[in-house]
Amino acid sequence: MDEHYMRVAIAQARKALGRVSPNPMVGAVVVKRRAIVGMGYHHQAGGPHAEINALARAGKKSHGADLYVNLEPCGHYGRTPPCVDAVIKSGVTRVVIGMLDPNPLVSGKGIKKLKEAGVATTVGILKEECRKLNEVYLKYITRKVPFVMLKVGASLDGKIATRSGDSRGITGEKSLRLVHQLRNQVDAIMVGIGTVKADDPLLTTRLPGKAGRDPIRVIVDSTLRISPEARVFNRHSETGVIIATTRRASQGKKKLLEEKGARVITVDAINGRVNLKKLMRALGEREISSLLIEGGTEVITSALRDNIVDKIFFLFAPKLLGGRTAWGITAGEGVYYVRHALRVHDLKVKRSGEDILVEGYIGKKFQVPKNQKS
């Protein structure tokens, strides 16, 4: 039964997808005599945590009950008081935890306080599902850089635009909705100046019924070629624009863009372009925990070459564009030997309307440090 109730807790946590950054998604379920007497989840950063919401709904029924939570309850003061104190005070006799919190301020401390108070604990129920649920948080809290997703829309022959630069309508309507769902879930979206110059995109979230939240728009522009009239400076959007540039940029242009409301950050250059690894650290310092790259060939190539991508969403349309000068997914020299290729693991392939979605991970899966394992 532990797995069943943990799945309920995970489902509760998922309700906050894209809404609690930089916090984790957490759901909690209070169970007494095999009946759920209270449920809750963490709605937003700074608000009550999942355990507090679930215990409040359970009320006096919490006494002698079991509490299921997908992530270790916190035992320290942050934006809110420690959850573990409220758990102990509620009178629950057992806490079932999906996984330890890798946050050094939390990890193991919450469980230690529970045990010292005589509360039984079980750790590791559906651990992999809990880890995947909070993959964004796990990377951000341990490395202080965003979890980076790369979205590509391409033809079957790997082209993202024709030789004229036309890229509109490569993928279908269902794939377009998926892209806007991804935008709704992340803190920021990133493209290069080439995409801005070619397509003049809004980079906002446009879901049915005007639902969704706009991500912060991040533009990589090493010499500030962006026009102050570009549509990314959308006055109807509550979120802002960050322009990442280098010391080669004009200070006058920087001031002009700042007057448009943009935040211009200067990042060290590598071969004349913005160093994306250092840009990730700068974004992490601004509590941006998740980033979706929708850039053109140059940004995609740089992101893969700089090894900043964690997860890919490649959408392939049933079209063949052809041509040596059509824009491919990547450019540059590429690897010399096949054995040097980037490996994609945990691969999933499914239909997206008429298109094919290929989803997977690049690099090593997050591992909890040995001293933090349950």
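1. Basis of the model. The model is predicted: local features need pLDDT of at least 70, side-chain atom pairs count only at pLDDT 80 or more, and totals for chains, interfaces and linings use all residues. Residues are numbered from 1 along each chain as its sequence is written, and side-chain values use heavy atoms, with hydrogens and water left out.

2. The largest core. A nonpolar core is a set of buried Ala, Val, Leu, Ile, Met, Phe, Trp, Tyr and Cys residues joined through side-chain atoms within 4.5 Å. Buried means under 20% relative accessible area, exposed over 50%, and partly exposed in between (1.4 Å probe, protein chains only). The largest core of this kind has 42 residues, and Met6, Val30, Leu67, Tyr68, Val87 and Val95 have the most contacts inside it. Helix H1, residues 2–14, gives the most to this core, with six residues. Apart from it lies another core, of 36 residues, which includes Ile160, Met190, Phe314 and Val358. Helices (H or I, at least four residues) and strands (E, at least two) are DSSP runs, numbered from the N terminus.

3. The surroundings of Val95. Contact means heavy atoms within 4.5 Å. Leaving aside neighbours within four places in sequence, Val95 is in contact with Leu67, Val69, Val87, Leu114, Val119, Ala120, Thr121 and Thr122.

4. Side chains of opposite charge can pair when their charged atoms come close. A salt bridge is a side-chain nitrogen of Lys or Arg within 4 Å of a carboxyl oxygen of Asp or Glu, and the structure holds 15 of them. Glu3 and Arg7 form one, at 3.9 Å from N to O. Both residues lie in helix H1, four residues apart, about one turn of the helix. Glu3 is partly exposed because its relative accessibility is 43%, and Arg7 is partly exposed at 45%.

5. Salt bridges between separate parts. Lys139 and Asp310 meet in a salt bridge at 2.7 Å, N to O. Lys139 lies in helix H6 (residues 135–143) and Asp310 in the loop between helix H11 (297–305) and strand S15 (311–317), so the pair ties together parts that are 171 residues apart in sequence. Lys139 is buried at 10% relative accessibility, and Asp310 is buried at 13%. Asp268 forms a salt bridge with Arg247, with the closest N and O atoms 2.9 Å apart. Here Asp268 is partly exposed, at 28%, whereas Arg247 is exposed, at 66%.

6. Asn234. This residue is found in the loop between strand S9 (216–220) and strand S10 (241–245). Asn234 counts as buried because its relative accessibility is 17%. Not counting residues up to four places away in sequence, Asn234 touches Leu202, Thr204 and Arg217.

7. Aromatic rings. Rings of Phe, Tyr and Trp (its six-membered ring) pair if their centres lie within 6.5 Å; planes under 30 degrees apart count as stacked, over 60 as edge-to-face and the rest as tilted. A search of the whole structure finds three aromatic pairs. The rings of Tyr336 and Tyr337 have centres 4.9 Å apart and planes at 80 degrees, so this pair is edge-to-face. Tyr336 is exposed, at 72% relative accessibility, while Tyr337 is partly exposed, at 39%.
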